[in-house]
Amino acid sequence: MDKIKVLLVEKSSSDRELISETLSKIDYINLVGEADNAEEANYFLNDNYPNVILIGTNLELDRHNLAKSISNEYPDIAIIMIENELKEDTMYKALFSGAKDVIISPFTSSKLVDSIFRAAQLVNEKSVVHKDIPVKQRRRSGRGHVITVFSTKGGVGKTFISTNLAISLAKDSDKRVCLVDLDLDFGNTVLALNMVPRFTILDIVDDIRNIDQDIIESYLIPHESGIKVLPANAKPQINEFVNSEHIEIILRALQGAFDYVVVDMPARFYEPVNPAFQVADVLLMVTTPEISAVRNIKASIQTLQELNFPKSKIKVVLNKADSSGQIKSKDVESTLNQSLYEIIDADYKQAMLSLNDGIPVTIGKPKSPISKSFNSLAKKINSEFIESGVK
Ligand SMILES: Nc1ncnc2c1ncn2[C@@H]1O[C@H](COP(=O)(O)OP(=O)(O)OP(=O)(O)O)[C@@H](O)[C@H]1O
Ligand SMILES: [Mg+2]
């Protein structure tokens, strides 16, 4: 194996020394340069073309901007960001800037070496995967619209909304719709739809080199509503083999095969599912009428905007709305400074029954207020694309 070439960008000389000493002991790692500013980093980037760049905590520049510009210009160089504290916000800022991994200082030498090794492997795999897929199969023809359903708070109704929305979109518009469960560790769309997962995302990952818009269909499970479903894997520990390159290939293939790709997300930002943000045409942010949920969503929206995610794509859905609730829809709107895209009432009885029976409310109770909200949500989404002329 060739040595992994590493460039270190860090202002503090003591930090640089510590890292270079650690790396000098590893014979398959070669520290090809040390830089303490962007100019120097660029010099080494052009000259030595490292495989991995370590961005330290002390720099007199916006470290995330640096990461972003490097990852745009040199997509096959893996960026690792060193951070001072473990906060969700720091993690997703780093990952959104294109970093492949984040390590928290202080770290052990094995953590550092392991991270470098894995990051280098990831970019290596990526170039192999892309090389092996014929260009024809990677083309985006008749691009479908991706609706990503997200919140960083668990239990607000992402799965409930994505399953019912997918069904409503299929009913309302007679369009081809698929539902993808990207809650890789805890995905439960198959429970909500009472389906047996014949294949899961992991089977597609195993076959990733052959995946195109035709082949991917053979992995999907048809639901009686007409939608097709791609379930998450039932064994969380296995999902560490799934990375963002795989997810990007899967989503692009699905966009080629369907009019709508509805994506049910995990309750956190993390690297493997980043493409679901990048390719989203509509990002449905789900909140409930609780202060903690609204605060959560406000922070997520702010972060997404700092990362230049287009505000026009962010739509907020208030779920489990309740007239006797902690806060009213008007309060949610004024806190977020954004009007609500849809309000879905709380109906605990129907929600529980639908989950127990595996029959979504939009099928089991099509006339209920909740189902009407889903029909209205589907109509709004349809009209987004007609009005904007996006195809
Ligand atoms: N409008 C609603 N009224 C009543 N109960 C609801 C409503 N929407 C969702 N629920 C219930 O809330 C619970 C959590 O919903 P769901 O699993 O969809 O949330 P989630 O955001 O996907 O959670 P996780 O983050 O764990 O994936 C479920 O029991 C669901 O039936
Ligand atoms: Mg869920």
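Me: In what order do the strands of the open sheet of 8 strands follow one another?

Reply: This is a predicted model, in which local features need pLDDT of at least 70, side-chain atom pairs count only at pLDDT 80 or more, and totals for chains, interfaces and linings use all residues. Residues are numbered from 1 along each chain as its sequence is written, and chains are lettered from A and ligands numbered from 1 in the order in which they are written. Helices (H or I, at least four residues) and strands (E, at least two) are DSSP runs numbered from the N terminus, and two strands pair if DSSP finds at least two bridges between them. The pairing in this open sheet is mixed, and the order is β8-β9-β7-β10-β6-β11-β12-β13.

Me: Why is one side of β8 and of β13 left without a neighbour in that sheet?

Reply: Strands of a sheet pair through backbone hydrogen bonds, either parallel or antiparallel. β8 (221-222) and β13 (340-345) each have one side without a neighbour because each stands at an edge, with a single partner strand.

Me: Which residue of β12 is the bridge partner of T287?

Reply: Strand β11 (residues 282-287) pairs with β12 over 5 bridges, in the parallel sense. Across β11 and β12 lies helix α12 (residues 291-306), where contact requires C-beta atoms, placed from the backbone, within 7 Å. This helix runs at about 155° to β11, with axes fitted to C-alpha atoms (for helices over the stretch in contact) and angles from 0 to 180 degrees between N-to-C directions. Within β12, the bridge partner of T287 is L318.

Me: Which helix gives the most to the side of domain 1 that touches domain 2?

Reply: The domain bounds, which come from an automatic or database domain assignment, are 4-132 for domain 1 and 141-388 for domain 2. The contact takes 13 residues from domain 1 and 12 residues from domain 2. On the domain 1 side, α4 (88-96) and α5 (109-132) each supply at least two residues. The helix that gives the most, with 7 residues, is α4.

Me: Which residues come nearest to ligand 1?

Reply: A residue is near a molecule if its C-beta atom, placed from the backbone, lies within 6 Å of it. The elements that each supply at least two residues of the shell are α7 (158-173), β12 (314-321) and α14 (348-357). By class, the shell has 9 nonpolar (Ala, Val, Leu, Ile, Met, Phe, Trp, Tyr, Cys, Pro), 5 polar (the others, Gly among them) and 4 charged residues (Asp, Glu, Lys, Arg). Of the 18 residues around ligand 1, the nearest are G154, G157, T159, F160 and A351.

Me: Which residue has a phi near 65°?

Reply: Most residues other than glycine have a negative phi, and most peptide bonds are trans. The peptide bond from S105 to P106 is cis, with omega near 0°, and P106 is placed in the loop between β5 and α5. In the loop between α12 and β12, a residue other than glycine has a positive phi near 65°: N308.

Notes: Two residues are in contact if their C-beta atoms, placed from the backbone, lie within 7 Å.
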